[in-house]
Every structure is written in C-alpha cells, then in structure tokens.
Amino acid sequence: MTARQLADELEVSVRTVYRDVDSLHAAGIPLYGEAGHQGGYQLLGGFRTRLTGLTEQEAQALFLAGLPGPARELGLGALAAAAELKIEAALPPDLREGSRRIREHFHLDAPGWYHDGDQVPHLPAVAGAVWNRQVIQVLYHRWREPCEVERTLEPYGLVLKAGKWYLIASCEATLRTYRVSQILELQVTDDTFTRADGFDLGAFWRDHLAGFRARLIQGQAVVRLSPAGRERLTETMSSQVARAVAETASPPDALGWITATVPIESLTHAHGEFLRLGAECEVLDPPALRAKLAATAQGLAALYA
C-alpha cells in the first residue's frame, strides 16, 4: 500500500505514516518500501508479531486476565484488559474466534454464594509492596485482645481464597497469614527485604490450609440423620462432615434414619451447624451439645407457642 492509501485507511496524515514507518523499522519490523507508480510499503512475507507492543506491566497483568474482579481490586484491571486486547489482535483469525467463544461460554466467579468478597482499600498498596519487596507497617485488627495491634511486615505474597484476600508475610522472622481486609492503616516504607531461599507460595498455602483444618477439629459427635437430613447435608455442612457420614453411617432403620460419627470444631460452632438441619438431625453425643440444642429447641417452642 502507498503512504497515501495507508493514511486514508488509518485516518492520519501522510507525514504520520512516514514517521510510523521509521518507528517500525527501528523496532525491527521487516517493512520495506518501493518507489514508483506501482510502489508502496510491504511487509515481509510470513512475518508474525512477537507482541513487542506488550508492556511489562501488561504482561504481569495477563496472569489475572481471567479474573477481572481480582485484577480490578489489585489496580490492574485496565492493564489486564489492554494486554488481552493486544494478544487477541495478534492471534490468527481461527484462534481469535476460539478465544472469543471461550469468553462467551465460560465465566469464573470466585466468591461464595453468600459473600461478595472483602472490601480491601489497602490491597493495591499491599500488592505493590509484595512486588517490590518493601517492608510495610500496618495497624491490624485481630479477633483477640488487644484487637488493634501494630506490626512491621515483610510481605511475601498474596492469596485469593473464596473472594477473600490473604497476605503471607514475615513478622519477627516468622511467616504468618493476615486478612488484607483487616488492615486498618498501612504505610509502605523505603526499607526492602530478601525473601527466604526456596519459599514457595503455593506450597506454603497448601500447608497452611492443612494445618488450619487440622486445628479446627476439636472433637466428634454422634448424630442421627433422616433421609431429608442426609440430602441437605452436602449443602449445609463441610465436606469433612459429609465424608464422615458416608464412612461411618449405620444401616438405615425402619424410617430411613441412620447413625453416624462426625467431626466438630467446638460446641458453639457445632450447635449452629446442626440447628441448620432442624428436626432432620438428632445429636446423641456429646451430652453438652445435646443439652445446648435441647435448650434452644425449648426456647423456640416457647417463642412460637
């Protein structure tokens, strides 16, 4: 195409075409021109772009291109969108159509049904500190007294779990987990740190989850479940409880009720969980849990009498 044809097609001046062609030459694009009536600019046959227009920040944001919500929370929403557009433009037509079909037919929504995710105003600052390995000072709200504590942290990484952001950070030479939404105040310092050799964020998080689940279980309960209670079990209870019922269930009695032994976290937590099954579940043991549920049932009966 001639410079005039290119200018008309792109709605720019001929001078702009000349300037852009020089820039393309400088970038290593094999674009060459021929003078004369039949001349014009031509791209070397078979050349394909290597995405030289993709910036470093856009390349980083690509890892979150399938998670627009988290990318936006991290302050990378526009970058992820720009990177996705550039890659789509560079794809051959058949692959480009395939990527569009995936986007039309599949959508990932990370948070749970009854939770829209955390409010995390400090997340972009935390993410920047993680990336640049900068020490941060935070005012953090925790569940035990004193509730508000000051901490100096070396941020190692961020994890998104069920719509909630968690920071893995070193505090006083110990790796700990912090809920980002519980950070009340944050200051990024000029001090930098070096991550421990061999640190693997994915492996750390898997070990953390395993330890967390093990610490949760504080005892067990013996329960009777109706057929309806067993059907609702997978919707209202954890997978550990459902698995325990499947493994320990007795043969059904004449009315279809079974007896099983299930793990529980605490009396208070188990009390709330088993109440969700209503009269489709009877706790036989421990006696303290049975008494707690009986008192609640008596209170409800008096209230609705």
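These legends describe close-up views of a predicted model. Local features need pLDDT of at least 70, side-chain atom pairs count only at pLDDT 80 or more, and totals for chains, interfaces and linings use all residues. Residues are numbered from 1 along each chain as its sequence is written, and side-chain values use heavy atoms, leaving out hydrogens and water.

**View A. The largest nonpolar core has 21 residues.** A nonpolar core is a set of buried Ala, Val, Leu, Ile, Met, Phe, Trp, Tyr and Cys residues joined through side-chain atoms within 4.5 Å. Buried means under 20% relative accessible area, exposed over 50%, partly exposed in between (1.4 Å probe, protein chains only). Leu153, Leu158 and Leu167 touch the most other members. Helix 7 (123–132) gives the most, with five residues. Helices (H or I, at least four residues) and strands (E, at least two) are DSSP runs, numbered from the N terminus.

**View B. Leu153 and its contacts.** Contact means heavy atoms within 4.5 Å. Beyond its neighbours within four places in sequence, Leu153 is in contact with residues including Val135, Leu167 and Tyr178. A second, separate core of 19 residues includes Leu233 and Leu289.

**View C. Helix 10 (residues 239–248) has a buried side.** Its buried residues are Val241, Ala244 and Val245. These residues cover an arc of only 100° around the axis, so they sit on the same side of helix 10. The arc is that of the directions from the helix axis to the C-beta atoms. The face turned away carries the exposed residues Ser239, Ala246 and Glu247. Strand 8 (219–225) is one of the elements covering the buried residues.
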